[in-house]
Amino acid sequence: MTERFEKSFTRQEPIPEAGIEAAVRVMREGRLHRYNTAPGEAGEVALLEEEFAAATGARYCLAVASGGYAMGCALRAVGVRPGDRVLSNGFTLAPVPGAIASVGAEPVFVEVTEDLVIDLDDLAAKAAGSGARVLLLSHMRGHICDMDRLMAICDAAGVTVIEDCAHTMGAAWRGVPSGRHGLAGCYSTQTYKHINSGEGGLIVSDDADFMARAILGSGSYMLYGRHRAAPPAEAFETARWVTPNVSGRMDNLRAAILRPQLADLPRQRDRWNALYRAMEAGLSDTPGLRLIPRPEAETYVGSSFQFLLPGWRGDAVQEAVARCAGRGVELKWFGAAEPVAFTSRYDSWRYAPPQRLPRTDRVLAGLLDLRLPLTFTSEDCALIARIIRAEVGAVWQAGAV
Ligand SMILES: *Cc1c(COP(=O)(O)O)cnc(C)c1O
């Protein structure tokens, strides 16, 4: 009998009861707007910011409407102007180049390596030669590059780093939380990330001037004094006259849902990583399939899983995907010619100037991806791995390269 996987890859866990109760309290009060507080009272958003700053060790934190908004807000606060060039990953998700385009800037894409991190040699070349002053670094699918070397390259070239930590909330490099290497870190609390408020985003930084501009930019009006994880009033003195308000605040309802999840994140990370390791064990030494090595220095959150079918023909990858789908295992293929669902690639973002990334093309041609929601068990992952191993193996044996 052939085994089938029956669970959904998009089914998340419920919101913790404490979050539901806190959200109901907010609704009973009717005070959903973050600045709708009594004098001296701290709203849910201000408390979430304080707790997230503490969790990441950042001085300041700002909660906003989405991860994409967080990145756009950070780019504005760092002073990116229309027509500027901004370095970013050739392998990332659409909101990243979208944030660059939203401030009128042009993405300059950097190659990805076979280990799914930014190619630091290509970055060094483009940091020196592109004229870009900012890198919007995406830790795509949770893979963290050698951050020590990346920061050395960017510091030497005078490039400011903003980290997109949509997939690395709770992760770290050499013990330093992801988002704490560059000037600022941006996070998403969208349903498929590590804490879930449907939509939402967070920005952290130690830089008072940057954070004052981000807070004003997010739509604080002159109520920034009600923030807790914010720089002192002096930091806002000049900025409050010259920072355009581009409203994108978080509301108390979402923050109420997020706070108990944030407290739970270390435990959730362990659960995700148990699923990740079950996948890894189940797929190790599969002929024709390459696993992604995880460096010693990386503390990751295994909320999704990637592997490569290196050198495979497109039709063979497609056949493996179809055979797995036939047994209930949904794989996303980054090599598809057309953007599908959440998956698109640098050459489908046609608002950006056309660029050629041969190494990235080669990697994406064989890159497959699946989500590991916490509604799965390690036994589920072992079953998924058995199905992939069998179907990939069948196509490999018939000749896939
Ligand atoms: C989800 C995601 C974002 C932004 O998320 P929002 O949906 O705007 O909250 C940014 N970068 C990557 C890599 C993502 O996957």
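Guide: What follows is a set of questions about terms, each settled by a value and its cut-off.

Guide: First, the ground rules: this is a predicted model, where local features need pLDDT of at least 70 and side-chain atom pairs count only at pLDDT 80 or more, while totals for chains, interfaces and linings use all residues. Residues are numbered from 1 along each chain as its sequence is written, and side-chain values use heavy atoms, leaving out hydrogens and water.

Visitor: Why is the pair of phenylalanine 9 and phenylalanine 376 called edge-to-face?

Guide: Rings of Phe, Tyr and Trp (its six-membered ring) pair if their centres lie within 6.5 Å; planes under 30 degrees apart are stacked, over 60 edge-to-face, and the rest tilted. The structure holds twelve aromatic pairs. In this one the centres are 5.1 Å apart and the planes stand at 85°, so the pair is edge-to-face.

Visitor: What makes this pair a tie between parts of the chain?

Guide: Helices (H or I, at least four residues) and strands (E, at least two) are DSSP runs, numbered from the N terminus. Phenylalanine 9 lies in the segment before α1 (17-29) and phenylalanine 376 in the loop between β14 (367-371) and α12 (378-399), so the pair joins parts 367 residues apart in sequence. Phe5, Phe9 and Phe376 form one aromatic cluster.

Visitor: And what is the pair of tyrosine 276 and tyrosine 300 called?

Guide: That pair is tilted, with 5.0 Å from centre to centre and 55° between the planes. Tyrosine 276 is in helix α9 (residues 252-283) and tyrosine 300 in the loop between β11 (298-299) and β12 (304-308).

Visitor: How do you know whether tyrosine 276 is buried or exposed?

Guide: Buried means under 20% relative accessible area, exposed over 50%, and partly exposed in between (1.4 Å probe, protein chains only). Tyrosine 276 has 1% relative accessibility, so this residue counts as buried. Tyrosine 300 counts as buried because its value is 11%.

Visitor: What sits over the ring of tyrosine 300?

Guide: The charged end of arginine 294 does, 4.1 Å from the ring centre. The test asks for NZ of Lys or CZ of Arg within 6 Å of the ring centre and within 35 degrees of the ring normal. Arginine 371 likewise lies over the face of tyrosine 192, 4.0 Å from the ring centre.

Visitor: Where does histidine 139 lie, and why is it called buried?

Guide: Histidine 139 lies in the loop between β4 (134-138) and α6 (147-157). Its relative accessibility is 2%, so histidine 139 counts as buried.
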